[in-house]
Amino acid sequence: MLPTEFLFSPSVFAVEDNYLICVAASCEATVSVRIGEEMFYDASNGILRSKKYLHMVEVPMEILDREKKYTVILREFTDRCPYWPKSNDPVEYTSDFFPVEKTENINIAYVSDTHGNVEVPSKAGSYFGDALDILVLGGDIADHSGDVENFKTLFNIAGNITNGKHPCIFSRGNHDLRGHCAEMLADYTPTSGGKSYYTVKLGCIWALVLDCSEDKADESAEYGHTIACHDFRLRETRFINKLIANKESEYDKSNVKYKLMLSHVPFAIRYEDPFNPEEEIYTEWCRLCRENIRPDLWLTGHKHTAEIIKCGDRKDDFGQPCTCVIGSKPDFSANTFVCALVTLNEGKADVIFADQNGSVTEKHTVEF
């Protein structure tokens, strides 16, 4: 049973070659993780953190993949005074963990655009049950970043769907950039050293996580002089080029069987003004990925639809590198939510769209 000091079940997010074990605490507490005989801590230069509700403990993938079990140790502090701080006895929670070890029939649930809603997206994303292998949370999970409390939605849904047993990947959405606490987002969500674009390797799967950030030009009055996303995207372009320039690129290694692209925005689509801030940059991203990385499947959200766009289709305006799955269709006025469920198997992807009741609305097969 989950101790009351835990707001939700822990969740395990994959970033590059590490996992971030994320623990949302209901009190001021320190958090550490024991895997086998090794200890890992949420610490800042040797000082255990206790002042924010979310704790992220970084552990090497190879260790958790080998041990397949971890124990979270949480100690509540009643007075963290300068001398002889006062705390309660620690509580422990142990969870099994199932790394991606299969090379076929790999089940991926894609959930995005939940906009602060938890119940129906959690039910829809739980379609695979214990057969789930990877959960992708694709941005706009909270409706905005106006309050630190909003960040809890991400970990509530992740805990509901995975129970801390399966790896998750996070891709930031445009609504995440808005509000009083938006500048704190990297402190409350999985990143690579603060960067929201990175790569991930989970078993035979390699994934490139890209971040389009906001969906209008920096000068838009809606943002009120709070963003510099054009410069951010230029740095992201350099990141893609550096990845390609590596002569032993990680996506070309022999143990990579499937290559995924993940982004909140399906950026190969030409949107109407003012939602078209970077057509030149997005065309270049498409070209770089199409000619060099050659991904198998692209998972996106943002449009609040459940649809598949193939290369050369009417909506493929900038030359997308592979088939694009837009996989979250919320209708919270009707209390419904449809998400994308993907099974990778034998050089193809079986894609279904299903709602919170497990009812399948569409089925597709994407050949690689």
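Is Lys68 buried, exposed or partly exposed in this structure? At 31% relative accessibility, Lys68 counts as partly exposed. The figures described here show close-up views of a predicted model.

Figure 1. Most residues other than glycine have a negative phi. Lys68, although not a glycine, has a positive phi of about 60°. This residue lies in the loop between helix H1 (61–67) and strand S8 (69–79). Ser213 likewise is not a glycine and has a positive phi of about 60°. Its place is in the loop between strand S15 (205–209) and helix H5 (229–245). Lys68 is partly exposed, whereas Ser213 is buried, with a relative accessible area of 2%.

**Figure 2. The loop between strand S16 (258–262) and helix H6 (279–293).** Two residues of this loop are shown, Pro274 and Glu278. Most peptide bonds are trans. The bond that joins Asp273 and Pro274, however, is a cis peptide bond, with omega at about 10°. Glu278 has a relative accessible area of 9%; because this value is under 20%, the residue is classed as buried. The side chain of Glu278 makes a polar contact with the side chain of Arg233, at 2.8 Å. When residues up to four places away in sequence are not counted, Glu278 touches His230 and Arg233.

**Figure 3. Aromatic rings that pair.** The whole structure holds 16 aromatic pairs. In one of them, the rings of Tyr258 and Phe368 have their centres 6.0 Å apart and their planes at 70°. Planes over 60 degrees apart count as edge-to-face, and therefore this pair is edge-to-face. Tyr258 lies in strand S16, and Phe368 is in the segment after strand S22 (360–367), so the pair ties together parts that are 110 residues apart in sequence. Tyr258 counts as buried, at 1% relative accessibility, whereas Phe368 is partly exposed, with a relative accessible area of 36%. Elsewhere, ring pairs link Phe267, Tyr282, Trp285 and Trp298 into a cluster.

**Figure 4. Charged side chains over aromatic rings.** Which ring does the charged end of Lys52 sit over? The ring is that of Tyr188, and the charged end is 4.8 Å from its centre.

**Figure 5. Cysteines without disulfides.** A disulfide is a covalent bond between the sulfur atoms of two cysteines. How many disulfides does the structure contain? The count comes to zero. Cys181 is in no disulfide, and the nearest cysteine sulfur, that of Cys229, is 18 Å away. For Cys339, also in no disulfide, the nearest cysteine sulfur belongs to Cys168 and is 14 Å away. Cys181 is buried, with a relative accessible area of 10%. Cys339 is buried as well, with a relative accessible area of 0%.

**Figure 6. Helix H3 (residues 152–162).** This helix is mostly covered, as ten of its eleven residues are buried. Among the buried residues are Leu154, Phe155, Ile157 and Ile161, together with Lys152 and Asn156. Just after H3, Asn163 takes a positive phi of about 55°.

**Figure 7. Strands S18 (residues 306–309) and S19 (residues 323–331).** In a regular strand the side chains alternate between the two faces of the sheet. Both faces of S18 are covered: Ala306 and Ile308 are buried on one side, and Glu307 and Ile309 are buried on the other. S18 pairs with S19 in the antiparallel sense over four bridges. Within this pairing, Glu307 stands opposite Ile326 in S19.

**Figure 8. Lys329 and its surroundings.** Lys329 is found in strand S19. This residue has a relative accessible area of 45% and is partly exposed. Not counting residues up to four places away in sequence, Lys329 touches His304, Thr305, Ala306, Thr336, Phe337 and Val338. One of these, Ala306, is a buried residue of S18. Lys329 and Thr114 are 215 residues apart in sequence, and their C-alpha atoms are 9.0 Å apart in space.

Terms used: Residues numbered from 1 in each chain as written. Predicted model: local features only at pLDDT ≥ 70, side-chain atom pairs only at ≥ 80, totals over all residues. Heavy atoms only, no water. Buried < 20%, exposed > 50% of the residue type's maximum accessible area, 1.4 Å probe, protein only. Polar contact = N/O pair within 3.5 Å; in protein donor to acceptor, adjacent residues only side chain to side chain. Contact = heavy atoms within 4.5 Å. Disulfide = S-S within 2.5 Å. Phe/Tyr/Trp six-rings, centres within 6.5 Å; stacked < 30°, edge-to-face > 60°. Lys NZ or Arg CZ within 6 Å of the ring centre and 35° of its normal. Pairing = 2+ DSSP bridges.
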